[in-house]
Amino acid sequence: MIIVGAGQSGLAVAAALNAEGLRPQQDFVMIDAAGKGQRSWASRWHSMELLSDARHSTLPPRGLPGDQRRRPRVDEIVDYLTFVEAGLRVETVWGVRATGVERPGTGTTLLLSTTAGEVQTRNVVCATAAAAYPRVPEWAARVSVPGVVLHSSDYLYPNQLPSGKVLVVGGGNSGVQLARELTASHTVTLSVRTPRRHRPSGSYPAAAGPAVSWLTRRRHPEPVFGDSYDQLRRAGVTIVPAATAADAGVVTFADGSELAPDSVIFATGFEPGDDWLPDAARTDRGARTQTGIPGLFVAGMPQYSGRGADTIAGVWRDATTIAHHIIDRP
């Protein structure tokens, strides 16, 4: 079998398969499109911390050392995943991208297409991340400012941005964290489309991800777990409604107000890395982690699983489910 993606999801599946007695390089192989060891965590901003504490930021049975109540930094997670990979004795094949998968005829094998060629295998696991490609609004292309325009995935530190007014578009956890960091050096405005509830950081493992009210069936976005909007206001951040349009250097908001920022950061989320899967897999979903194609599984994407599947703790549930399906598959 082949695991596509060597991030937290792929390694979780490898660990779950290992626990079932399957051996890397013999019973399963892992590939990844990135350069050697270049997991996405390595490109996050320098001060970024996980929303979960150390206890809920690891894959069994390998924990993080130190205070288990702390929120690990991203550089710790980069090192930790490398440590997990080595401990599992997984030899990831880097620089190979999956481009498609299909089930020839009515047999039990799949044909996986990659940039290194085609290979037949009985099982394929898509572990190519719930946050694979930056998402920006349609009007982003019309923004022209004297400073910089970038997505949160390209932000590293405050000095990337020239001094002046910064507009952060997106009121989720990334937007809140960036607004807080930048307020020490810039004049910050945060544009919020859908206000989020605030929850303490300790509640993150149980409250991660959007939720649907069992009473009203309304969908609620993921809460913010760091600073609340009121705390940001007290820190000097101006909070405005959703940004809806741009005309060169002027951004317009839902209430008709306007701002001419010096720089803009889009903290507007990501698209999942399931674009290489066939339409049947993305539309005809089975039980948790399963697709409409026998032998094709998806790990770490909530739309194929459940709330919190894109967290390190949550993906372990996906991984053990997939491992059991593979072992029990006739």
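The structure is a predicted model, in which local features need pLDDT of at least 70 and side-chain atom pairs count only at pLDDT 80 or more, while totals for chains, interfaces and linings use all residues. Residues are numbered from 1 along each chain as its sequence is written, and side-chain values use heavy atoms, with hydrogens and water left out.

Helices (H or I, at least four residues) and strands (E, at least two) are taken as DSSP runs and numbered from the N terminus, and two strands are said to pair if DSSP finds at least two bridges between them. Five strands make up an open sheet with parallel pairing, in the order E9-E18-E10-E11-E14. Its edges are formed by strand E9 (149-151) and strand E14 (238-240), each of which pairs on one side only. On average, neighbouring strands of this sheet are turned by 20° against each other, direction ignored; the axes behind this value are lines fitted to C-alpha atoms, for helices over the stretch in contact, and angles run from 0 to 180 degrees between N-to-C directions. Three bridges link E14 in the parallel sense to strand E11 (residues 187-191), and leucine 190 has isoleucine 239 in E14 as its bridge partner.

Another open sheet has three strands in the order E15-E16-E17, and here the pairing is antiparallel. Strand E15 (243-247) and strand E17 (258-259) are the edge strands, each pairing on one side only. E15 and E16 run antiparallel and are joined by four bridges, with alanine 243 opposite phenylalanine 253 in E16. The hairpin of E15 and E16 has two residues between the strands, and alanine 248 takes a positive phi near 60° there. Strand E16 (residues 250-253) also pairs with E17, in the antiparallel sense over two bridges. Valine 251 has leucine 259 as its bridge partner in E17, and threonine 252 stands opposite glutamate 258. Four residues lie between the strands in the hairpin of E16 and E17, where glycine 256 has a positive phi near 90°. The two faces of E16 can be told apart: Val251 and Phe253 are on the covered face, Val250 and Thr252 on the uncovered one.

Aromatic rings come next. A pair of aromatic rings is described by the distance of the centres and the angle of the planes. Rings of Phe, Tyr and Trp (its six-membered ring) pair if their centres lie within 6.5 Å; planes under 30 degrees apart count as stacked, over 60 as edge-to-face and the rest as tilted. The structure holds three aromatic pairs. Tyrosine 204 belongs to helix H4 (residues 204-207) and phenylalanine 225 to the loop between strand E13 (219-220) and helix H5 (229-234), so the pair ties together parts that are 21 residues apart in sequence. Both tyrosine 204 and phenylalanine 225 are buried, where buried means under 20% relative accessible area, exposed over 50% and partly exposed in between (1.4 Å probe, protein chains only).

Some loop residues also deserve a look. Most residues other than glycine have a negative phi, and most peptide bonds are trans. Arginine 89, although not a glycine, has a positive phi of about 60°. Arginine 89 sits in the loop between helix H2 (74-88) and strand E3 (93-94) and counts as exposed at 66% relative accessibility. Alanine 129 likewise has a positive phi, near 85°. The loop between strand E7 (124-126) and strand E8 (133-134) holds alanine 129, which is partly exposed at 27% relative accessibility. Asparagine 123 is found in the loop between strand E6 (117-121) and E7 and is buried, with a relative accessible area of 5%.

On a 1 Å grid over the protein atoms alone, a pocket is an open set of points where a 1.4 Å probe fits, with protein on both sides within 12 Å along at least five of seven lines; lining residues have an atom within 4 Å of a point. The second largest pocket has a volume of about 180 Å³, a volume being the space filled by probe spheres set on the points. Among its lining residues are Trp45, Arg71, Leu178 and Asp227.
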